[in-house]
Amino acid sequence: MDRPPESDLYYEFFKAEHTTNYLESYVDEHCYAGHNLRSRIQFGFSVKTMKKEDKAWVVGGDTAAYRSPKVIVASGLFSAPNIPKISGDDTFEAPIIHQERFGQSSVLVSPQLQKVAVVGGGKSAADMVYACVKAGKSVSWIIRASGTGPGFLMPPMGKGPYKNAFEIGSTRVAGTLSPSLISPDTWWTRFLFGSRIGQKIVNAVWVGADKEIRDGANFHGRANALPGFADLEPQSPLFWENGTGGLLNRSDFWETIAPNVQVYLDDIVQFSGKQIHLREGATVVTDVVLCGTGWNTASFDFFEPQELVRLGLPHNLRDEPTEHAQLWSRLEAQADREVLERFPILATPPDHHHKTVETTPYRLYNGIAPSEDDSIAFLGYFNVGNYFKGAECQAIWATAFLDGKLQLPKPESRQLKIARHVAWCKRRYLSNGELGNFVLFESNAYTDELLQEIGLISHLKGWFSDYFKPGYARDLAGLRDEYITRYR
């Protein structure tokens, strides 16, 4: 990917359109066996069913069906928009637009859409709020009081040799400051989480980062702030990452929001006409509702319920056989004791709103493979901090897995590892960990583990660089050739 023009860079972050353009050119320019990737894609095909028949997978849609001995499901966590169901939405007189369609909408330029209500507490909601204010709109920002609250919106600046905050977080040494079962168990991590001095160091780092974010926003002392601005302050410490968040990409974000946006920390109870009625009695009049409400992160409607159970995918608790539920309950209880023994810090989370889920967690080995079926893999269902790097490593691991190149543990051992990860994830990330697929601060450790299982090492540059330099996708440039050479 070519470097974007300087006008499109902000602390080395660039506009999303450059990523889109890169991916568009990638599928055209990469050819295999005489065909580029675009020619291999069937666009407009909606998968309706997927089932295994006679040792082969049958993938069915409206117009055709495909049969294959092996399948990769790679629709990921961000393909099914989550639009809250609100009483009266079917007769609401204002359009409701999800963040997925915001860029293609006319909200910013339409003279008929002057009053805008943005729903959601995360980065996407914040970006839409900012864009609408800059376009001269009258903006109301509504964040559920019954949810995990506003997300952490972190300053992008780096420190020392690091160009931005992402570079700092992308170092392996930064990853050691998170109590993790994925990270290697070394003298350093045992010191950090097994001694009083180490725990004081960890606490000081996280408390300092948390304070820097809150001080930068100045939630309670900012001049000219409208009532409700203070409600944008995150409700739990940064360390626990109980809610959503992201990096700010605008230097004047808080200065723009504070005097121009009416913030409501309240629940929507009904839509009527062009009015949004909130639980505490307030009414918001709007010409359009923008939903920065994220995605349905466990959408597998094309599988039958019993197949979800068998494959280890999230499924309704009532669909889980009693013996199956008892097995995982026993394994996770044992794993939870092991997690707390190794990381006592995770035994005492702060008071927080805990968002429960109505399904089982993901029960995939390495977040990719079922414990008892080696003919199917799932890519993009682990919420990692670096998606470019995560996607590349998952793809290589899945290739080795489906090609039978890996010597994986027996199903029982896979289940133990899965249970440990789920138990740790729930303890480490609270609400975000409920589905067992959240590894925000463990991206390097996770991708290192995948590549270690395959036996690839070309991404490693020496202990100092490996620990103190950011981990980027470009570090993986030699993996394809290394893989081919090793498994030819």
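Two strands pair if DSSP finds at least two bridges between them. The views below come from a predicted model.

**View 1. Strands E16 and E17 pair in the antiparallel sense.** Strand E16 covers residues 275–278, and strand E17 covers residues 283–285. They are joined over 3 bridges. Look for Gln275: its bridge partner in E17 is Val285.

**View 2. Strands E15 and E16 form a hairpin.** Strand E15 covers residues 268–272. E15 and E16 run antiparallel, and 4 bridges join them. Ile268 stands opposite Leu278 in E16. The hairpin has 2 residues between its strands. In the turn, Gly273 has a positive phi of about 60°.

**View 3. Strand E16 has a covered face and an uncovered one.** Leu278 stands opposite Ile268, and Gln275 is the bridge partner of Val285.

**View 4. Helices H6 and H7 cross at roughly 85°.** Helix H6 spans residues 187–194, and helix H7 spans residues 196–217. Their axes come within 5 Å. Angles of 65 to 115 degrees count as roughly perpendicular, so H6 is roughly perpendicular to H7. On the H6 side, the contact uses Phe191, Leu192, Phe193 and Gly194. They meet Ile197, Gly198, Gln199, Ile201 and Val202 in H7. By class, this contact has 6 nonpolar and 3 polar residues, with no charged ones.

**View 5. Helices H10 and H12 pack at an angle of about 60°.** Helix H10 spans residues 322–342, and helix H12 spans residues 411–429. Their axes are 8 Å apart. This angle makes H10 oblique to H12. Is the crossing left-handed or right-handed? The crossing of H10 and H12 is right-handed. H10 brings several residues to the contact, including Leu327, Trp328, Leu331 and Glu332. H12 residues in the contact include Gln415, Leu416, Ile418 and Trp424. The residues of this contact divide into 12 nonpolar, 1 polar and 6 charged.

Terms used: Residues numbered from 1 in each chain as written. Predicted model: local features only at pLDDT ≥ 70, side-chain atom pairs only at ≥ 80, totals over all residues. Heavy atoms only, no water. Axes fitted to C-alpha atoms, helices over the stretch in contact; angles between N-to-C directions. Parallel < 35°, antiparallel > 145°, perpendicular 65-115°, else oblique. Left-handed = near helix turned anticlockwise from the far one by under 90°. Contact = heavy atoms within 4.5 Å. Nonpolar A, V, L, I, M, F, W, Y, C, P; charged D, E, K, R; others polar. Buried < 20%, exposed > 50% of the residue type's maximum accessible area, 1.4 Å probe, protein only.
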